[in-house]
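This report is meant to be read beside the sequence and the model.

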Amino acid sequence: MNTRAVASLVGTALLISACGGTTKSDVARQQSSAPSAASSSTANPNAPIKQGLKIAFLPKQVNNPYFTIADRGGSDAGKEFGAEVKEVGPSDANASSQVSYINTLVQQKQDAIVISANDPNAVVPALKQAMDAGIKVVSYDSDSGQDGRHLFINQAGAEDLGRTEVQLLAQQIGSKGKIAILSATPNATNQNTWIDFMKDELKKYPDMELVKVAYGNDDDQKSFTETQGLLRSYPDLKGIISPTTVGIAAAARYLSSSSYKGKVKLTGLGTPNQLRKFVKDGTIDGFELWSPGDLGYLAGYAAAALASGQITGAEGEKFKAGRLGEYTVGAKGEVLLGKPTVFTKDNVDEFDF
Amino acid sequence: MTALSEATPPGHGGRRLFDRVTRVRELGIVLALAALFGVTGAVNPTFLSFGSIRDILLNSAIVAMLAVGQTLVIVTRNVDLSISSIVGLTGFGGALVLADSPAVPIAVVIAGCVALGVVCGAINGLLVGVAKVPALVATLGTLYAFRGIDYAWAGGRQVNAADMPESFLSLGSRSVLGLPLLALVALIVLLAVGWMLRNLRAGRELYAIGSNPDAAVLAGIQVRRRIMTAFMANGALAGLAGVMWAARFGTVDATVATGKELDVIAAVVVGGVAIFGGSGTVFGAALGALLLTGITSALAVLRVDALAQTAINGALLIAAIVLDRVLALRVAAALRRRRYRDAR
């Protein structure tokens with residue numbers, strides 16, 4: 001009974017701090033950044049970006065090449081507007097592992113936290129505390145719950161990604177034949193949303209049949225085995241879409257050394273460095289991805305714009321993001337990076353990430 | 001004790017052959033393999049095609065080699081949990097050298113990875129054999145330590161197929177005499193280690209240590225040195241497996257092989273190696289690896305629902321162990337009855 005009482009107390013406290021945000025959190029904000037005047041809750045689009053902002057990037061996992069590139073984009077942005085950008089994070093992508101990092105960042109009184117949430121819900125309570133302490137929270141790559149952040153920098157619309165991948169494959173196989181999807185884990189939220197849009201897009205291609213969605217669990221060995229299984233159980237397979245960087249690399253590696261090379265088309269999401277070899281040797285005609293560096297860069301600028309009072313995260317506000325130009329905050333505090341880039345053997349050498 | 005260490009009793013010709021066959025400890029696993037391939041092949045004949053068998057051999061090569069190394073450690077009543085980290089460390093290290101210094105010959109890189117594996121194994125050996133830290137704890141520690149070194153070294157970097165020389169990558173997909181090169185390497189290692197364990201004094205002493213550590217000391221076996229050697233040999237094989245991993249998958253980062261230690265230990269146990277040491281052969285362990293990868297491949301070919309695969313995988317694993325155990329007990333009982341009859 002005792003613990004339950006405590007829990008409900010904490011719960012109500014959280015609720016109060018969330019709902020009554022206008023009064024309580026504003027006080028906190030003013031306390032934490034007392035010297036500056038630009039901390040009011042109304043946006044001032046002409047406010048200059050403050051110097052010496054402290055921005056922390058908290059990726060799903062450090063040591064993941066994708067986030068290394070994204071966070072480097074963030075620190076590039078930081079250099080441009082004179083902020084101190086650092087990257088911290090867990091080495092395993094567990095739901096709970098980011099919470100202690102958030103708490104530490106709050107104690108360090110960072111101006112902004114830029115996070116890619118391992119679990120949309122697990123980080124929300126900690127992020128709310130951060131927001132109450134006057135810290136601006138921007139999520140990128142993978143959103144946290146909407147009430148746990150000011151802005152979400154979306155790398156690409158789920159709909160765009162799902163549909164364009166099908167279109168890409170349709171071009172390569174002449175809109176005809178059996179195809180399969182090699183995904184990450186069966187419960188990966190990103191991939192499942194994309195796959196739903198893929199299925200919807202496939203309705204426009206009556207001659208293309210999706211025969212199976214296989215799951216490689218983002219594990220080299222398992223993705224390899226699943227690719228083999230797809231080719232064995234569907235000998236007349238024409239194409240594979242792999243909307244995950246691990247899956248597409250493993251599938252490409254298998255196809256390139258098998259007799260199916262060039263006959264079974266492969267497309268999906270991958271990085272140019274990872275797939276350069278396979279694009280050149282004819283295993284892959286084309287694949288797509290957003291630029292992770294640009295994603296981090298935009299997230300960095302968004303965090304600075306929030307922390308400087310240029311924007312508050314409300315729909316319709318505009319801010320400038322250096323070389324990427326001007327962005328507008330969309331519904332639910334989302335900022336869309338743009339359409340994914342398609343990489344083919346003609347342009348793959350122009351990219352290095 | 002292992003059936004192999006028992007002398008074949010004198011008997012009539014036919015019965016002697018029967019004895020020998022039924023006493024092979026690995027019989028159960030062979031039957032399980034036959035059942036797996038038979039059933040899957042009946043449903044989808046392409047599973048038994050040459051290309052498919054070749055793929056399965058290739059898939060199991062790395063796990064089989066690690067299982068051989070792990071057997072050396074487990075028969076001494078120890079365990080090495082750190083191998084996945086050693087594979088990760090050597091795989092990433094090897095790939096990094098190949099990508100950044102193309103002038104270094106591939107043979108030197110391979111030798112370097114094996115040497116790095118030996119060093120890691122020696123650290124484990126020192127902790128377990130000399131400092132007497134329980135193997136489970138010591139290698140759990142080095143599991144994190146080696147992976148941590150790997151993380152720090154990689155710093156988020158990824159080595160891609162395009163960065164490594166084609167001559168190296170082709171090692172991962174090339175075939176010699178119709179068999180994948182990696183599977184051949186694993187086979188050679190298997191035969192060599194199998195022969196040494198069975199025929200060399202050092203090999204027999206590993207079993208003696210695992211059967212009864214105290215008795216081994218009293219018998220004058222240099223337990224410390226043998227355990228050290230077992231860990232170092234295991235490290236060397238893990239180092240070789242690391243290079244093989246890099247050649248095979250072409251995309252290497254600091255997380256390579258994370259979690260694979262459990263697959264390897266499962267393969268060893270399925271292969272009939274007693275987890276408390278003293279019995280089992282590397283041939284069984286390699287067959288165990290083949291069975292486990294065979295199950296994964298079969299489930300993919302049989303179009304089994306992805307969400308159910310992991311559970312089915314586990315169930316089949318348990319079924320294989322139970323089948324093996326039942327057969328072993330029945331054979332033991334039959335032999336006891338026969339011995340009793342013969343004695344009368």
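Two strands count as paired if DSSP finds at least two bridges between them, where helices (H or I, at least four residues) and strands (E, at least two) are DSSP runs, numbered from the N terminus. This is a predicted model, in which local features need pLDDT of at least 70, side-chain atom pairs count only at pLDDT 80 or more, and totals for chains, interfaces and linings use all residues. Residues are numbered from 1 along each chain as its sequence is written, while chains are lettered from A and ligands numbered from 1 in the order in which they are written.

In chain A, four strands form an open sheet with parallel pairing, and their order is β7-β6-β8-β9. Because β7 (208-215) and β9 (265-268) of chain A each have a single partner strand, they stand at the edges, and one side of each is left without a neighbour in the sheet. Strand β8 (residues 237-242) of chain A runs parallel to β9(A) and is joined to it by four bridges; the partner of A:Ile241 in β9(A) is A:Thr267.

Chain A as a whole has 11 helices and 14 strands. Of its 353 residues, 51% are buried, that is, with 20 or more other C-beta atoms, placed from the backbone, within 10 Å of their own. A UniProt record, an unreviewed entry, places "domain: Periplasmic binding protein" at residues 55-310 of chain A, although such annotations may be inferred rather than shown by experiment. Over residues 55-310 of chain A, the chain is 45% helix and 20% strand, and the end C-alpha atoms are 16 Å apart.

| Element of chain B | Residues | Mean pLDDT |
|---|---|---|
| helix α1, lowest | residues 13-23 | pLDDT 62 |
| helix α5, highest | residues 106-130 | pLDDT 96 |

Over residues 1-11 of chain B the pLDDT is below 50. Where pLDDT is low, the predicted coordinates should not be read in detail.

The predictor gives the complex an ipTM of 0.76 and a pTM of 0.77. The contact, which is counted where C-beta atoms placed from the backbone lie within 7 Å, takes 27 residues from chain B and 27 residues from chain A. On the side of chain B that touches chain A, α13(B) gives the most, with four residues.

Terms used:
A residue is buried if 20 or more other C-beta atoms lie within 10 Å of its own, exposed if 12 or fewer, and partly exposed in between; C-beta atoms are placed from the backbone. pLDDT is the predictor's confidence in each residue, from 0 to 100. Two residues are in contact if their C-beta atoms, placed from the backbone, lie within 7 Å.
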